[in-house]
Amino acid sequence: MRGMTLIVKCITQLMAPSILVLGIYVVFHGHLTPGGGFAGGVLMAGSFVLLILAYGSDKVKSDSFKNRASLLESLGIFLFLFIAIMGFLQGSFFKNVFNEWLPGESGELWSAGIIPLCNIAIGVEVAAALFAIFITLAVLKFGEKL
Amino acid sequence: MLTSLILLIVLMIFGAIIALESKDLLSGIISLGIVGFALTIIFLLLHAPDLAIVQIIIETLTLVILIAAVLKTTRKDTSEEFGLQKVLLWGACICFAGVFMWKFLTILNHLPPFGSPELRMSLAYLNGTAQTGAMNLVAAVILDFRAYDTLGEATVLFTSVAGIIAVLRKVGRKT
């Protein structure tokens, strides 16, 4: 996939970091405002996809990009499962343990116990998963070494 | 609001039919976009901002991925169906739809009337902000009360990515 013209590249330079920051904001404020891990993760993946579409896919065709995306995806879902199992410290699966150790003021950024942590885990997983799907389906040729 | 909902649903049905019947894959994908973005407007009209955000972002990214995949491969729908195969296909579809509608009508008699849900947990959800401390009640439901469901959804996404990478790999593949 070739890159696009100079106009698209310049606009992408301005837009892609803003989209990435918006995605991180949506993930971190998932328990306060509409959105959450899923929407924020897709926004983060979208900023990377925008960069690849504008600048071409020559630099992405190495193994390391896809391997890193796979690793981050596995790490995200492992983190989510780890938070779930951590509930056994207080007795049950998905028990909201942090709510009793470090209760935050409702409406602050640090509140609601495990919910922001779960949002972060889901955001990492979704961003890496959609980026891996994009690389596999749209960048690499069929049967090319992954 | 009901009128605009009906208009949007009719638009979605037309978009879906065009997406199915179009011989050009690119126009089929664009028609599929009509369905998704109309669904976003419906979510906004029904006051569901969480769903609307997820739907519009997913739809945009899906369209980008599909268009990139079509531009890389081919634009023509090359699938051909033979006569007997087509008859069998439509017969199976109609049989399944009939059985489904019949069972659905049977089940519909046992459901509670519209507007009076018998889900006792929903009364506990209303107190979710005080119980979990999350201002966004949707986040409180999907990540605290129903976190097990969300774990299942994350696993579905993980499995689908693993499947895509496994099908499109080259190492260890018989050619």
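The model is predicted. Chain A is built from 5 helices and 0 strands, and its contact with chain B draws on 47 residues from chain A and 36 residues from chain B.

**Chain A as a whole**

- Read along the sequence, chain A follows the pattern α-α-α-α-α, in keeping with its count of 5 helices and 0 strands.
- Of the 146 residues in chain A, 42% are buried.
- Among the contacts in chain A with a separation of 6 or more, 71% are between residues 24 or more positions apart.

**The contact between chains A and B**

- The contact takes 47 residues from chain A and 36 residues from chain B, and on the side of chain A that touches chain B, α2 (37-55), α3 (63-86) and α5 (114-139) of chain A each supply at least two residues.
- The helix that gives the most to this side of chain A is α5(A), with 14 residues.
- By class, the side of chain A that touches chain B divides into 27 nonpolar, 16 polar and 4 charged residues.

**A helix pair across the two chains: α5(A) and α3(B)**

- α5(A) packs with helix α3 (residues 49-72) of chain B at an angle of about 15°, their axes lying 9 Å apart.
- Because of that angle, which is under 35 degrees, α5(A) counts as roughly parallel to α3(B).
- The crossing of α5(A) and α3(B) is right-handed, and the contact is made by Leu130(A), Ile133(A), Phe134(A), Leu137(A) and Ala138(A) of α5(A) together with Leu61(B), Ile65(B), Ala68(B), Ala69(B) and Lys72(B) of α3(B).
- The residues of the contact of α5(A) with α3(B) divide into 9 nonpolar, no polar and 1 charged.

**A helix pair within chain A: α1(A) and α2(A)**

- Helix α1 (residues 6-28) of chain A packs with α2(A) at an angle of about 165°, and the two axes are 8 Å apart.
- Because this angle is over 145 degrees, α1(A) counts as roughly antiparallel to α2(A).
- The crossing of α1(A) and α2(A) is left-handed, and the residues that make the contact include Val8(A), Met15(A), Ile19(A) and Val27(A) of α1(A), with Gly37(A), Leu43(A), Leu50(A) and Tyr55(A) among those of α2(A).
- The contact of α1(A) with α2(A) divides by class into 16 nonpolar, 7 polar and 1 charged residues.

**The domains of chain B**

- Chain B is divided into domain 1 (2-125) and domain 2 (126-175), and the C-alpha centres of these two domains of chain B lie 21 Å apart.
- The contact between them takes 4 residues from domain 1 of chain B and 6 residues from domain 2 of chain B.
- On the side of domain 1 of chain B that touches domain 2 of chain B, the largest share, 3 residues, comes from helix α5 (residues 121-125) of chain B, and by class this side has 3 nonpolar, no polar and 1 charged residues.

**Phe65(A)**

- Phe65(A) lies in helix α3 of chain A, one of the helices that supply at least two residues of the side of chain A that touches chain B.
- Not counting residues up to four places away in sequence, Phe65(A) touches Val60(A) and Ile135(A).
- Phe65(A) and Gly41(A) are 24 residues apart in sequence, and from C-alpha to C-alpha they are 17 Å apart in space.

Conventions. Residues are numbered from 1 along each chain as its sequence is written. Chains are lettered from A and ligands numbered from 1 in the order in which they are written. This is a predicted model: local features need pLDDT of at least 70, side-chain atom pairs count only at pLDDT 80 or more; totals for chains, interfaces and linings use all residues. Two residues are in contact if their C-beta atoms, placed from the backbone, lie within 7 Å. Helices (H or I, at least four residues) and strands (E, at least two) are DSSP runs, numbered from the N terminus. Ala, Val, Leu, Ile, Met, Phe, Trp, Tyr, Cys and Pro count as nonpolar, Asp, Glu, Lys and Arg as charged, and the others, Gly among them, as polar. Domain bounds come from an automatic or database domain assignment. Axes are lines fitted to C-alpha atoms, for helices over the stretch in contact, and angles run from 0 to 180 degrees between N-to-C directions. Angles under 35 degrees count as roughly parallel, over 145 as roughly antiparallel, 65 to 115 as roughly perpendicular and the rest as oblique. A crossing is left-handed if the near helix is turned anticlockwise from the far one by less than a right angle, and right-handed if clockwise. A residue is buried if 20 or more other C-beta atoms lie within 10 Å of its own, exposed if 12 or fewer, and partly exposed in between; C-beta atoms are placed from the backbone.
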